[in-house]
Amino acid sequence: MMLRRFFSSRCLKDIQMMDKLRHNDKLCKEYFDRSQCILLHNRQYLVNDKSQLLTVPSSSLDSENIHSSVLLTLKSDQALFGVSLKESLPTATLLSPRPALFKLREGDLKSATMALNLLQWQEDNKFCGRCGGPITTHISGRSAHCPSCSVTSFPRYNPVVIMLVTCGEMCLLGRNAQFPTQMFSALAGFIDTAETVEEAVEREVLEEVSVPVDRVNYTLSGFWGGFRQNYSPELMIGCVAECDEIRDPECNEEIAEARWFSRGEIKEALTRAHLPPRDGALNVPPSFAVAHKLMVKWAEGGES
């Protein structure tokens, strides 16, 4: 797979500076003092009357009202921080993470999701996992240090495989027991310790629907998670799992139903993905989901 060249010389300087800011508290504080900030309160985003993220200069914030903060991005030497407030602002509306998936612009959604998860990591990691002593979070909010045993902790998220099982002009989708009737998606599962992506795909498909896979091709990836408290964020590794023959699926307890669908049925369902689920028709995840993107690539004729 060829990668586009994303980074100009200006971007390279920002990346190098971003790396310094992660661990240099004095320098990071200087950048925070002249930064822009997106705001959260109780795991909700502060937005304006048009459901756009409220972005304010850090200098306008009352330091007594700041609960925690995290460095998100650096562009043209301008830092963007996510700030969790103890009290919301009277001029703002609170937007919960799941509705925000449908309302925020793509770029804003990425920054908001990053802030939500990194701020939650700070809340969940106040003590050392080795010695149990209190840890100190760097001003960047990107790591924490234990002064007692010198362990450094970093935010993490869990690798998950999500795969579109295909056989010629057909693909296999599953309906999770928690999904509404007729809402089908790609199969998915966590990668086990010491397992490769390919091994995880083969195992998960066998576990969930008892269908053997002959070939696995990596397609794309995406971030998911943090939208519900107590659920860890995930790196979704999207694959196409090819089968040489169609076999009837036998579902485990996680999957209420699994069915083979034609390429034409998937194309038709994708045209309605932005609408509320329709009774009596195949419904698929919305456009921001990795499963949707996998279906789009396959429906357009790409096998991998």
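**Close-up 1. Cysteines without disulfides.** In this predicted model, the number of disulfides is zero. A disulfide needs two cysteine sulfur atoms within 2.5 Å. Take cysteine 239: the closest cysteine sulfur belongs to cysteine 243 and lies 13 Å away, so it is too far for a bond. Cysteine 243 is in no disulfide either. Its nearest cysteine sulfur is that of cysteine 167, at 6.2 Å. Are these cysteines buried or exposed? Cysteine 239 is buried, with a relative accessible area of 0%. Cysteine 243 is buried as well, at 6%.

**Close-up 2. Helix α6 and its buried side.** Helix α6 spans residues 263-271. Which of its residues are buried? They are Arg263, Ile266, Ala269 and Leu270. These four cover an arc of only 125 degrees around the axis, so they sit on the same side of α6. An α-helix has 3.6 residues a turn, so residues three or four places apart point the same way. What do the buried residues of α6 pack against? Their partners are strand β11 (170-176), strand β15 (255-262) and helix α7 (290-299).

**Close-up 3. An open sheet of three strands.** The strand order is β7-β8-β9, and the pairing is antiparallel. Which strands are at the edges? They are β7 (136-137) and β9 (152-153), and each pairs on one side only. Strand β8 covers residues 144-145. Two bridges join β8 to β9 in the antiparallel sense.

**Close-up 4. Asparagine 158 in strand β10.** Asparagine 158 belongs to strand β10. The residue is buried, with a relative accessible area of 17%. The cut-off for buried is under 20%. Its side chain makes a polar contact of 2.3 Å with the side chain of arginine 156. Which residues does asparagine 158 contact, leaving aside neighbours within four places in sequence? The list is Phe190, Ser232, Pro233, Glu234 and Leu235.

Close-up 5. Glycine 168 is partly exposed, with a relative accessible area of 49%. Now look for leucine 21. Along the chain, glycine 168 and leucine 21 are 147 residues apart. How many Å separate their C-alpha atoms? The separation is 50 Å.

Note on methods
Residues are numbered from 1 along each chain as its sequence is written. This is a predicted model: local features need pLDDT of at least 70, side-chain atom pairs count only at pLDDT 80 or more; totals for chains, interfaces and linings use all residues. Side-chain values use heavy atoms; hydrogens and water are left out. Buried means under 20% relative accessible area, exposed over 50%, partly exposed in between (1.4 Å probe, protein chains only). The arc is that of the directions from the helix axis to the C-beta atoms. Contact means heavy atoms within 4.5 Å. Two strands pair if DSSP finds at least two bridges between them. A polar contact is a pair of N or O atoms within 3.5 Å; within protein, one must be able to donate a hydrogen and the other to accept it, and residues adjacent in sequence count only if both atoms are side-chain atoms.
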